[in-house]
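Subject: Structure for you to look at

Hello,

Here is the structure I promised to pass on. Please open it first, then read my notes below.

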Amino acid sequence: MNISPKAVRFDDDTLWVSLSDGRTIAAPLAWFPRLLEAAPEQRAQVELSRGGLHWEALDEDISVAGLLAGQPDQTRRNTHQAA
């Protein structure tokens, strides 16, 4: 996939990602509990890479492919399935 993130912003309950192809996609913060619970300053410390988004201090990684597929936090889903 050649689509990369260009910018990230948040409102009270949504993650917004501007993509290199001109689209802007949104995902509910409820899908990503670490981001939902993070302070605005922590959310602002995002690193953009060719394939996605990374927050070192929050140990959070989100791929553009996952966002486009409508996939919430896979770590949390796997935890619930194992219980």
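Two strands pair if DSSP finds at least two bridges between them. Keep that in mind for the sheet. One caution before we start: this is a predicted model.

**The sheet**

The sheet is open and has three strands. Their order is β1-β2-β3, and the pairing is antiparallel. Which strands stand at the edges? They are β1 and β3 (24-28). Each has a single partner strand, so one side of each is left without a neighbour in the sheet. On average, neighbouring strands here are turned by 20 degrees against each other, direction ignored.

Now look at β1 and β2. Strand β1 covers residues 5-10, and strand β2 covers residues 14-19. Five bridges hold this antiparallel pair on record. A hairpin of three residues joins β1 to β2. F10 in β1 stands opposite L15 in β2.

**The aromatic pairs**

How many aromatic pairs does a search of the whole structure find? The search finds two.

Take F10 and W55 first. Their ring centres are 6.4 Å apart, with 55 degrees between the planes. The pair is tilted. A pair counts as edge-to-face only over 60 degrees, and as stacked only under 30. The pair links distant parts of the chain. F10 lies in strand β1, while W55 lies in strand β5 (residues 52-55). They are 45 residues apart.

W55 has 0%, so W55 counts as buried. The cut-off for buried is under 20%.

The second pair is W31 and F32. Their ring centres are also 6.4 Å apart. The planes stand at 70 degrees, so this pair is edge-to-face. W31 is partly exposed, because its relative accessible area is 29%. F32 is buried, because its relative accessible area is 3%.

**A charge over a ring**

What sits over its ring? It is the charged end of R43, 5.3 Å from the ring centre.

**F10 in short**

Find F10 in the viewer and check these points:

- F10 pairs with W55.
- F10 has the charged end of R43 over its ring.
- F10 stands opposite L15.

Best wishes

Conventions. Residues are numbered from 1 along each chain as its sequence is written. This is a predicted model: local features need pLDDT of at least 70, side-chain atom pairs count only at pLDDT 80 or more; totals for chains, interfaces and linings use all residues. Side-chain values use heavy atoms; hydrogens and water are left out. Rings of Phe, Tyr and Trp (its six-membered ring) pair if their centres lie within 6.5 Å; planes under 30 degrees apart count as stacked, over 60 as edge-to-face and the rest as tilted. Helices (H or I, at least four residues) and strands (E, at least two) are DSSP runs, numbered from the N terminus. Buried means under 20% relative accessible area, exposed over 50%, partly exposed in between (1.4 Å probe, protein chains only). A charge sits over a ring if NZ of Lys or CZ of Arg is within 6 Å of the ring centre and within 35 degrees of the ring normal. Axes are lines fitted to C-alpha atoms, for helices over the stretch in contact, and angles run from 0 to 180 degrees between N-to-C directions.
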